[in-house]
Amino acid sequence: MKHVQNLYWNLKDALEGSLFKKIVLYVFIMISLLNTFKNIDVRYSHSTSQLIVNKALPHFKGNFNNHFFLKNYVYDYINIMWGEPLTLITHAIPYLKNYTYLTGVDNHDINGYFDAQNTDESFIYSDENNYSPKLPTIKKMELSKENYKDPYYLLKYFITGDAQLELNTEFLKQWDFYDLMTRKLRITDKGEGPKVLIFHTHAREMYKDGISVVDVGNKLKQIFEKDYGIETLHITNEFYADQTGNTTGAYEIMEKTISKILENNPSIEISIDIHRDGVPENVHLLTSVDNRDTAKIMFVNGLCMNRNIDGEIVKKKELKNPYLDENLAFSLQAQETAYKYYPDLMKKVYFKEYRYSLHMRPFSLLVEIGAQTNTGQEALNAAIPLANIIAKVIEKD
């Protein structure tokens with residue numbers, strides 16, 4: 001309290017002092033505000049403009065919730081969540097964290113993972129548009145499953161999402177994540193035919209040297225079959241409405257073909273739709289796996305829901321996914337496995353409001369492997385740990 005009082009009187013003296021002091025103070029405040037908004041813009045997917053619009057035009061009805069935004073912004077820095085008294089208690093008495101799963105967000109010191117829009121990373125850019133991340137060394141670790149009962153832990157380390165969903169702890173309470181993360185996910189060994197299907201809703205997505213996501217799919221198929229004995233069917237069809245590469249309607253076109261393939265191949269239990277991400281041209285996300293430059297990976301889950309104008313969670317009636325829980329279990333267990341064995345490989349699991357290609361099989365993954373700024377070889381290298389992660393989840397490694 002004494003420090004706060006001193007700060008108050010210093011600011012008061014400065015404001016009542018000379019013009020020079022006032023100018024210095026105003027410049028300091030302006031720079032602080034600009035840096036704060038820049039930090040917010042980077043960390044929350046370039047949403048500062050929406051924040052300003054909502055403040056300037058309070059009657060503007062957009063998809064941006066300032067209260068939630070600021071609430072989580074504060075939580076990121078001080079680990080206290082407004083309206084959640086347990087976070088205040090455990091922040092004041094950290095010792096209690098060892099005795100409650102409700103606030104176990106710091107138990108494992110998992111740092112350095114990235115949000116879907118690369119929002120948690122500090123970049124050092126070079127002339128070649130590459131960077132060196134300022135990250136701690138992360139060791140292989142066992143994650144406590146008790147923490148999966150804690151929505152704060154999941155938001156901090158496992159899950160991020162589109163602004164449309166306004167993810168918070170209440171939103172995540174729709175699911176029993178402890179149950180999802182402890183389910184045994186296995187495929188059958190009986191019967192002939194492929195067990196895994198790989199396809200590409202956006203087959204023309206390329207890396208910077210012309211290698212495509214289809215090439216990565218070929219690589220993943222080879223690894224599954226050669227290293228793990230998992231027969232895999234790889235579909236290389238394109239699902240575009242015309243030759244321009246416009247992706248509008250691609251998922252509807254894809255569904256007609258893939259549904260027929262699944263009908264003709266009932267042995268298929270795992271469905272993988274491989275994409276590559278899109279990032280700013282001066283961003284090159286990279287890690288090293290077994291001394292190989294490797295593109296980062298992100299799992300995407302379509303939830304078939306969003307929020308209405310009143311902020312209420314509503315399901316999209318036109319989009320049905322009977323396998324939503326199975327999809328979540330598969331992607332989150334794969335994320336957990338990656339954290340154990342490849343701790344710098346993954347971005348957080350990204351929640352979106354749509355359905356995508358995740359409703360045709362219980363074990364469906366939509367995977368973003370690298371981005372347009374990665375080389376094809378970096379993306380091909382990512383297929384190696386991805387195959388191992390999936391094989392470990394289904395105990396085929």
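**Close-up views of a predicted model**

Buried residues account for 50% of the 397 residues in the protein. The model is predicted. It contains 12 helices and 11 strands. Among contacts with a separation of 6 or more, 74% join residues 24 or more positions apart.

**View B. Strand 7 beside strand 11.**
Strand 7 covers residues 297–302, and strand 11 covers residues 363–371. The two pair in the antiparallel sense, over 4 bridges. V300 stands opposite L366 of strand 11. Strands of a sheet pair through backbone hydrogen bonds, either parallel or antiparallel. In a regular strand, side chains alternate between the two faces of the sheet.

Of its 18 residues, 15 are buried, so helix 11 is largely enclosed by the rest of the structure.

**View E. Helix 9 and its buried residues.**
Helix 9 (residues 213–228) has 16 residues. From first C-alpha to last, helix 9 reaches 21 Å, close to the 22 Å expected at 1.5 Å a residue. V213, V214, V216, G217, L220, I223, F224 and Y228 are buried. The buried residues of helix 9 pack against strand 2 (196–199), strand 3, strand 4, strand 11 and helix 12.

**View F. The hairpin of strand 5 and strand 6.**
Strand 5 (residues 286–289) and strand 6 (residues 292–295) run antiparallel. They are joined by 4 bridges. S288 has D293 of strand 6 as its bridge partner. The hairpin has 2 residues between the strands. D290 takes a positive phi near 55°.

**View G. An aromatic cluster containing Y148 and F158.**
The count of aromatic pairs comes to 11. In the pair of Y148 and F158, the ring centres are 5.6 Å apart. The planes meet at 80°, so this pair is edge-to-face. Y148 lies in the loop between helix 5 (85–92) and helix 6 (151–157). F158 lies in the loop between helix 6 and strand 1 (159–161). The pair therefore ties together parts that are 10 residues apart in sequence. Both Y148 and F158 are buried. Together with Y153, Y157 and Y339, they form one aromatic cluster.

**View H. Charged side chains over tyrosine rings.**
The charged end of K149 sits over the ring of Y178. It is 4.7 Å from the ring centre. R204 lies over the face of Y240, 4.3 Å from the centre of that ring.

Key:
Residues numbered from 1 in each chain as written. Predicted model: local features only at pLDDT ≥ 70, side-chain atom pairs only at ≥ 80, totals over all residues. Heavy atoms only, no water. Pairing = 2+ DSSP bridges. Phe/Tyr/Trp six-rings, centres within 6.5 Å; stacked < 30°, edge-to-face > 60°. Buried < 20%, exposed > 50% of the residue type's maximum accessible area, 1.4 Å probe, protein only. Lys NZ or Arg CZ within 6 Å of the ring centre and 35° of its normal. Contact = heavy atoms within 4.5 Å. Expected span 1.5 Å × (residues − 1).
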